[in-house]
Amino acid sequence: MSKATDSRTMIEMIKVTKRYPPNVMALDDISVSIASGEMFFLIGRSGAGKTTLLKLLCNMERPSNGLIEIAGMNIHQVTGNKLAKLRQKVGVAYQDFRLLTDRTVAENIAISMEVSYKKPELIRNRVRSLLAQLQLEDKHDMLTGDLSRGEQQRIALARAVANSPSLILVDEPTGNLDATSTAQVMELLSRSHNAGATIVIATHDESIYRHSSHRIMEINNGRISSLTKGDGQGWPNAAGAMDGGSGDAI
Amino acid sequence: MNFWFSIFRQTGRNLRQTWTTMFMTCLTVSLSVLIFSFFYLIYLNMLNAESRLSNELRLVVYLEEEPGPELQEQMRLKISRFDQVEEIKFISKAEAFNRFADQLGDNREVLTDMPQDFLPASIEVIPLKTLRNLSQVKLFAEYLATLPGTQMVQYGQKWIERFYSFIKLLSIVVLISGFLLILTATFMVASTIRLTIVSRQEELELLKLVGATNNYIRTPFLLEGILVGLMGSLLGLASLYALFQWTTHHLAGAGFLDLFTFIFFPPGIIFIIIALSIVLCTAGSYTSMQKFLRI
Ligand SMILES: Nc1ncnc2c1ncn2[C@@H]1O[C@H](COP(=O)(O)OP(=O)(O)OP(=O)(O)O)[C@@H](O)[C@H]1O
Ligand SMILES: [Mg+2]
């Protein structure tokens, strides 16, 4: 099965279809492969299927058809402790944040590290440094339920990257942010990227991908409508570019 | 090491959030432990009293005539044909008279005008220690009554029968309260853990998503069950002990109860009650997890 996957491929999607009952075709025949260490943008109109694609990648939903491999493993066949171990290596910032609103900011960020039994001291330092990077140090002991949407969004991102996962999935990281905060968020993500993490970002925010040199995949009505690179020098259509694209994308 | 550290931290958090419900559950468990062990303690003490009483159990066969040595030997044979006995003692009329006189002590002069043989001769049969069952004693007594020359057989029937039926009743009460203990402990803990799980579905869901292993999510709930079982039974037994101390202290003066010496549970039984409570509470927590923790 994993013949198609060499060690440098992080995500391999082959003819993936996702149908929600009764008859919503959220994703239709998606094939894409994303290299290890790549930063990858996922764009498209609202309702195009971006969140659905991320949910498939983190095993929150199962594909109706097709194959998804993460680091050479078919994630929808992995269960139990193996699945837990895999998920510890995948950080996700959800579009709806999924913060525990009755817990403090620090506790929320710490969760992803606690489940992989990191030392308390290490966790404390990591939480402080992440909050410093996002200029949210003063929110350390606040309940996340009391934060503004933009602040919550950044805490959700901090939690996703905290455990230094090798794959980071980010859904609308800048939706509620001003330009400065957006820059901080992108700075945080590129640090993880530089440290070798594979990053997939679903976004509407043209400002964060337009000038990058990374691959951008546009989905329209559940189908791939284009796969391009930033700075306007990409290919007009996905179909031919896919295989070549993954090779020189880094 | 790290695993247990995380587990205890998680359990601590759970308890901080739900300590009131946990506390109430603990009280319920301790109440049912108290009720059960209260009856069980009474039962134990009754058994204790019974074993001391039955040490003194003897059947007295009153005879019409004083048996000669030959007849004595025959009766001895007949009695031991029914069952082996500890001891058979023939009491002649004269012996009976002397005994009675001894019992009267200073008042023995009332007997001066009585003939030496006004009391019947008798056989005292002390049954084997194994013959301690009321129905067996009864059968034995009935058999003895059929021996030729027997007037009547006495063994304190009324008293013994009441005592035995009391113990029987008590053993039923112990069984019922034990059953109640099992029900309350298991169901209370199960429903408390269920409440916790349901009220924290969101968090448990998230824990799964960020890669918590099943053990990481489950063990704290099991620990809570163990904790409730331990604390509940300790509390229940401690209150029973206090009650026990109070009772024995206050009844020490009251004469008639000197007959009994009250005992508390030996360590082995205390240990078993605690262990039972822990096992039941853990089982309760486990069933809730199986049902409501969809992992
Ligand atoms: N659980 C579900 N049940 C049924 N339909 C769903 C479900 N989740 C998503 N959909 C539908 O699937 C389609 C894709 O949804 P998705 O959330 O992936 O869009 P999106 O690209 O993330 O949109 P947005 O940019 O607004 O977040 C939508 O038409 C949506 O209504
Ligand atoms: Mg979305």
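In which loop of chain A does Asn221(A) lie? In this predicted model, Asn221(A) is placed in the loop between strand S9 (215-220) and strand S10 (223-229) of chain A, where its phi is near 55 degrees, a positive value in a residue other than glycine. With a relative accessibility of 64%, Asn221(A) counts as exposed, because the cut-off for that class is over 50%. A positive phi is also found at Glu172(A), where the angle is about 50 degrees although the residue is not a glycine; Glu172(A) belongs to the loop between strand S7 (167-171) and helix H6 (179-194) of chain A, and at 9% relative accessibility it counts as buried. A further backbone feature of chain A is the cis peptide bond that joins Pro21(A) and Pro22(A), with omega at about 0 degrees, Pro22(A) being located in the loop between strand S1 (9-20) and strand S2 (24-35). Most residues other than glycine have a negative phi, and most peptide bonds are trans.

The secondary structure of chain A comprises eight helices and ten strands, and of the 250 residues in this chain, 56% are buried. Among the contacts in chain A with a separation of 6 or more, 66% are accounted for by residues 24 or more positions apart. The accessible surface of chain A amounts to about 11,200 Å², with 47% of this area belonging to carbon and sulfur atoms. Between the C-alpha atoms of Ser129(A) and Arg62(A), which are 67 residues apart along the chain, the separation is 35 Å; Ser129(A) is situated in helix H4 (residues 120-133) of chain A and, at 30% relative accessibility, counts as partly exposed.

The interface between the two chains was examined next. Chain B and chain A bury about 2,000 Å² between them, 55% of which is on carbon and sulfur atoms, and Leu206(B), Leu209(B) and Val210(B) supply 31% of the area that chain B buries against chain A, more than any other three residues. The contact involves 21 residues from chain B and 19 residues from chain A. In helix H6 (residues 201-209) of chain B, the buried residues are Glu203(B), Leu204(B), Leu206(B), Leu207(B), Lys208(B) and Leu209(B). The cover over the buried residues of H6(B) includes, from chain A, helix H2 (80-88), H3 and helix H5 (149-162), together with helix H1 (2-55), H5 and helix H7 (214-251) from chain B. Just after H6(B), a positive phi of about 95 degrees is taken by Gly211(B).

Over all chains the structure holds 15 salt bridges, and three are found across the interface of chain B and chain A. The side chains of Glu203(B) and Arg103(A) meet in a salt bridge with an N to O distance of 2.8 Å, and Arg103(A), Arg200(B) and Glu203(B) are linked in a network of salt bridges. Glu114(A) forms a salt bridge with Arg9(B), in which the closest N and O atoms are 3.9 Å apart; this pair crosses between chains, from helix H3 of chain A to helix H1 of chain B, and both residues are buried. A salt bridge is also formed between Glu114(A) and Arg13(B), the closest N and O atoms being 2.9 Å apart. Arg13(B) lies in helix H1 of chain B and Glu114(A) in helix H3 of chain A, so this pair joins two chains, and Arg13(B) and Glu114(A) are both buried.

Within chain A, Lys139(A) forms a salt bridge with Glu151(A), with the closest N and O atoms 3.7 Å apart. Lys139(A) is in the loop between H4 and H5 of chain A and Glu151(A) is in helix H5, twelve residues apart; Lys139(A) is buried at a relative accessible area of 15%, as is Glu151(A) at 16%. On chain B, a nonpolar surface patch is formed by Ile172(B), Ile176(B), Phe179(B), Leu180(B), Leu183(B) and Phe187(B), with about 610 Å² of accessible area together; of these residues, Ile176(B) is found in helix H5 (residues 157-199) of chain B.

How values were computed. Residues numbered from 1 in each chain as written. Chains lettered and ligands numbered in written order. Predicted model: local features only at pLDDT ≥ 70, side-chain atom pairs only at ≥ 80, totals over all residues. Heavy atoms only, no water. Patch = residues over 30% accessible without salt bridge, like charges linked within 9 Å, V, L, I, M, F, W, Y side chains within 5 Å. Areas by Shrake-Rupley, 256 points an atom, 1.4 Å probe, with all protein chains shown as cover. Salt bridge = Lys/Arg side-chain N within 4 Å of Asp/Glu carboxyl O. Helix = DSSP H or I, 4+ residues; strand = E, 2+ residues; numbered from the N terminus. Contact = heavy atoms within 4.5 Å. Buried area = accessible area lost by both parts, 1.4 Å probe. Buried < 20%, exposed > 50% of the residue type's maximum accessible area, 1.4 Å probe, protein only.
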